[in-house]
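Thanks, everyone. Let me put the model on the screen, and then we can walk through it.

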Amino acid sequence: MNKEPVSRELFDEVMVPNYAPGNIIPVRGEGSRVWDQEGREFLDLQGGIAVTSLGHAHPGLLGALQEQSEKIWHLSNVMTNEPALRLAKTLCDHTFAERVFFANSGAEANEAAFKLARRYAWDHFSPEKHEIISFKNAFHGRTLFTVSVGGQHKYLEGFEPAPGGIHHADFNDLDSVKALISKEKTCAVVIEPIQGESGVVPADPEFLKGLRQLCDDNDALLIFDEVQTGVGRTGHLYAYEMYGVIPDILTSAKGLGGGFPVAAMLTTAKVGASLAVGTHGSTYGGNALACAVAQKVIDTVSQPEILKGVNERSEKLRQGMMAIGERYGIFSEVRGAGLLLGCVLTEQWKGRAKDFLAAGLEEGVMVLVAGADVVRLAPSLIIPETDIDEALERFETAVKKLAQ
Ligand SMILES: *Cc1c(COP(=O)(O)O)cnc(C)c1O
């Protein structure tokens with residue numbers, strides 16, 4: 001295969017059409033800037049959807065990747081593996097967790113979490129205690145189990161029959177959970193502390209505390225899907241710290257590898273014990289290259305000055321977006337935490353989030369959407385403040401043209 005530049009048309013010739021990528025083809029990135037085939041520059045407020053947590057071509061990550069790549073890339077899980085154990089130890093040291101399972105994507109980490117919850121209830125209670133309570137509009141991944149637990153039925157259409165024993169309550173409505181939960185049947189409640197894909201909707205602290213109590217009263221496990229909110233995204237290493245609510249199982253992916261695919265399921269020793277030898281596995285889970293890169297990500301992001309920096313950048317970006325929102329009457333609210341922000345479109349602009357993404361690209365700034373009504377931002381956790389200023393300027397130019 002030659003290395004001629006590829007065209008957008010090639011996508012339609014060789015890919016299944018499940019995505020609809022744009023015409024801009026980024027080929028290189030550095031920090032929070034990205035350049036396309038034609039050398040046009042973009043400020044990146046997408047972060048690969050909360051993935052490139054330390055920006056592009058971070059020297060520390062390049063170093064970790066290079067160093068490990070010259071030693072060993074991959075070992076089977078029959079072997080004991082240094083980078084995986086070091087990373088697991090680091091994750092346990094920094095969180096509530098005592099045990100870790102490695103996977104390669106958010107969906108896989110959630111799949112492991114849901115299987116573990118059922119297995120734990122099967123071990124300690126009864127096979128009838130297998131029901132999972134999730135929330136409307138939740139997103140947990142695209143495998144059949146995770147998409148079934150997710151709360152958007154359109155993602156299941158045509159893929160049924162779905163796995164059974166799954167119920168959906170209303171987000172931030174404890175009574176709706178009370179109506180579904182039972183000691184006899186419920187093995188777990190799973191929630192995103194901030195619903196990401198469906199619009200950057202934060203859970204109320206009192207609601208999460210209430211869920212913790214309900215789970216305890218009903219011998220059910222509380223699972224936090226922190227695939228999007230984890231690894232410093234909210235200004236805390238994990239969002240559960242911000243809420244002061246400790247889950248039994250937590251899943252992490254997206255930002256964990258800073259752009260290298262890796263995921264983790266964190267849990268306690270007692271719960272983790274139910275994934276006994278042979279009950280679950282993953283060929284690539286714990287891959288040495290992935291774990292060496294993730295180690296560098298966690299070592300970097302867990303530093304107090306980095307997390308403090310996330311909150312400072314958050315304030316700047318939030319205020320900047322709110323000011324633009326007010327000047328042009330486009331945003332009613334900027335919600336979220338840290339560098340996971342959702343700018344909610346006003347009534348007049350509802351349904352047009354995609355137009356802002358497209359207009360931003362025209363002016364050299366990459367933003368995301370979360371549903372049709374929210375412009376989502378998830379930049380590098382270390383985006384330079386001057387890049388935030390410039391990104392806001394470019395976004396304002398885009399908005400000005402759109403609002404004309
Ligand atoms: C992105 C996401 C997932 C799915 O992760 P993949 O790596 O795409 O499988 C699961 N849960 C949440 C909250 C996410 O944001």
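Start with Ala50, which sits in helix H2. Helices here are DSSP runs of H or I with at least four residues, strands are runs of E with at least two, and both are numbered from the N terminus. Ala50 has a positive phi, near 60 degrees, in a residue other than glycine. At 3% relative accessibility, Ala50 counts as buried. Buried means under 20% relative accessible area, exposed means over 50%, and partly exposed is in between, with a 1.4 Å probe and protein chains only.

A word on the source. This is a predicted model, where local features need pLDDT of at least 70, side-chain atom pairs count only at pLDDT 80 or more, and totals for chains, interfaces and linings use all residues. Residues are numbered from 1 along each chain as its sequence is written, and side-chain values use heavy atoms, with hydrogens and water left out.

Back to H2. Ile49 is also found in that helix, residues 47-50. Ile49 is not a glycine, yet its phi is positive, about 65 degrees. Is Ile49 buried or partly exposed? Ile49 is partly exposed, at 30% relative accessible area.

One more backbone point. The peptide bond between Glu160 and Pro161 is cis, with omega about 10 degrees. Pro161 lies in the loop between H6 and strand S6 (166-169).

Now the ligand. How many residues surround the ligand? The count is 13, and the closest are Gly106, Ala107, Asp225, Gln228 and Lys254. Being near here means that a heavy atom of the residue lies within 4 Å. The shell divides into three nonpolar, six polar and four charged residues.

Look at the polar atoms. A polar side-chain atom of Gln228 is 2.7 Å from a ligand oxygen. A backbone N or O atom of Ala107 lies 2.8 Å from an oxygen atom of the ligand. A polar backbone atom of Phe139 is 3.3 Å from a ligand nitrogen. The ligand alone exposes 380 Å², and the protein buries 81% of that. Those areas come from the Shrake-Rupley method with a 1.4 Å probe.

Which helix gives the most to the shell around the ligand? That is H5, residues 106-124, with three residues. H5 has 19 residues and reaches 27 Å from its first C-alpha to its last, close to the 27 Å expected. The expected span is 1.5 Å times one less than the number of residues. Among the buried residues of H5 are Gly106, Ala107, Asn110 and Phe114.

His140 touches those four, and Asp225 as well, leaving aside residues up to four places away in sequence. Touching means heavy atoms within 4.5 Å. His140 sits in the loop between strand S5 (131-135) and helix H6 (144-149). His140 is buried, at 2% relative accessible area. Its side chain makes a 2.7 Å polar contact with that of Asp225. A polar contact is a pair of N or O atoms within 3.5 Å; within protein, one must be able to donate a hydrogen and the other to accept it, and sequence-adjacent residues count only if both atoms are side-chain atoms.

Last, Glu206. Glu206 is in helix H8, residues 205-217, and is exposed at 58%.

Terms used: Ala, Val, Leu, Ile, Met, Phe, Trp, Tyr, Cys and Pro count as nonpolar, Asp, Glu, Lys and Arg as charged, and the others, Gly among them, as polar.
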